[in-house]
Amino acid sequence: MVRTQAGTARPEGPAGETGQAQPGPAGRWRRLAAAVRQHWLAAALLTAGLALRVLTQLAYRPALFYIDTTRYLYNVAPGMDPLGYKGVLRGILAVASPGTVAAIQHLLGLAMAVVIYVLLLRRGVPRWLAALAMAPVLLDAYQLQIEQTLMPDAWFEALIVAGLAILLWPSETSWRRAVAAGVVLGTSATIAQVGEALILPAAVYLLVAGGGWRRALGRAAALCVAFVVPILAYQTGSYLLAGNFFLSHTGVTSMYGRMAAAADCATLRLPAAERHLPLPGPVRPGMCPAGALQAQGPDALEFNADSPIRAYYDQLPRAEVDMLLSSFNHQVLAQQPLRVLGAYTRDVVRLFALTRDGSPGATPISRWQFQTTYPYYDPHASRQIVGAATARYGGGAPSAWRPVAAFLRSYQLGGGYTPGPLYLLCVLAGLAGSAALLRRRADWKTRQLALACLLFFTTGVAVLAVSDLFEFSWRYQLPALVTLVPAGALGTAVILRWIRGPRPSPPA
């Protein structure tokens, strides 16, 4: 026996005089090896995700530029989108190159997968199922492509995961956690305006989680107030700098694309100013587009140079055009609601398609696919603009390493993405798992699984439903990787507990 300074006796052991493992590199490596053996499937998937991200970083240098990248680099088309990502981008580029931005975004992708895995384990999901839930965000080639692009999507997804993790990490959410989650989720709206939809599922979760109706209402109210704070801060800054108290002004024009694409112009009754441009001239376009242009879909009707609203914005003040567009949108929705609903429903179910193909009227899917050469998008991200940006911020001239780029493209087009039927299964499992909250006799562990399932599921539905309301783009479907897929895993865990029956918890 060995006596300590306090006079108590402790047995000797093979690890040292005190019988405890000695600190040091050897001990840390043993613990790491034990953790890898225990979580071998998650470790294998994480390694594969890291390898794919390294290849993506090597394939396209210093990073990929998209049409909208110039909005965040040079404030082109101010007010078109929230510019929260501009602060992130400028902060990194002040000390590093665009390649560093892409590397950080790839690290965010890996971090999201790890957080999802650990969070599901804490809620009681089996290790194998939690590992499978992290696989899509690690291996989906569309996720890899957007992380390599100077665009805010990876940061938006990361804020979603962070906000949900804050709410779900403990079994009961405290006031402080509710406030912290509200701030994080509210900040996401300054990155992508669709983040405004996150307030509803978060508040519903706190109300359903219970703990007494007064406490539930108080925490939900605290989250809502905290959610609004970063949005108001952004809008106040926008007003002081540019005189505009909003996140962006795209709501009217984006809804125009949806309405104009769905409208039957032959039977639609419109005021004269919307039927034709209210100015004299040989060509007087109207807001309801011709058949060929209408078939291009909402994105083209909103942004293309030949869109009818371009002539309006060129000839009339923006405030007047916005009023005319609002009236046009209302006319289409009031007179032809079934056409609008049908177009919206067709876009919603595209996520569940068996194959990942381009669809008529949708944003070209090729924009989110790897190319064998470095991609340029005229005129916004042309060769000259991208070259000037890389010369200014460093990282070398834009280039693609063709063999690796060809491999990534083959991987992506050959099935390296989350298939639509899997999303459908996740939705069905998420519905079943959330419905478990309706069972009064559900045990505590099943209820914790169901609560987490409800939060992930409703968050995914809210973000995707609002995004599809304006237009469908495969880029806007990426949040499903970090919401619907974990919801499916949680729902599956609930179903497994129904089948097996609740098992007694091991003694502490």
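Tutor: Let us begin with secondary structure: helices (H or I, at least four residues) and strands (E, at least two) are DSSP runs, numbered from the N terminus. Just after helix 10, G210 adopts a positive phi of about 80 degrees. This is a predicted model, in which local features need pLDDT of at least 70 and side-chain atom pairs count only at pLDDT 80 or more, whereas totals for chains, interfaces and linings use all residues. Residues are numbered from 1 along each chain as its sequence is written, and side-chain values use heavy atoms, with hydrogens and water left out.

Student: Which residues are buried in helix 10?

Tutor: Buried means under 20% relative accessible area, exposed over 50%, and partly exposed in between (1.4 Å probe, protein chains only). In helix 10, residues 199-209, the buried residues are P201, A202, A203, Y205 and L206.

Student: Against which helices do the buried residues of helix 10 pack?

Tutor: Packing is read through contact, which means heavy atoms within 4.5 Å. The buried residues of helix 10 pack against helix 8 (153-168), helix 9 (175-191), helix 11 (213-242) and helix 22 (444-470).

Student: How is a residue in a loop read, and where does Q336 lie?

Tutor: Position, burial and contacts are again taken together. Q336 is located in the loop between helix 17 (318-335) and helix 18 (337-348). Its relative accessibility is 8%, so Q336 counts as buried. Not counting residues up to four places away in sequence, Q336 touches A262, A263, D264, T267, L268 and Q331.

Student: How many disulfides does the structure hold?

Tutor: A disulfide is a pair of cysteine sulfur atoms within 2.5 Å. The structure holds one, joining C265 to C288 with an S to S distance of 1.9 Å. This pair links distant parts of the chain, 23 residues apart: C265 is in the loop between helix 12 (250-262) and helix 13 (272-275), and C288 in the loop between helix 13 and helix 14 (291-294).

Student: Why is the disulfide of C265 and C288 left-handed?

Tutor: The torsion about its S-S bond is about -85 degrees, and therefore the disulfide is left-handed.
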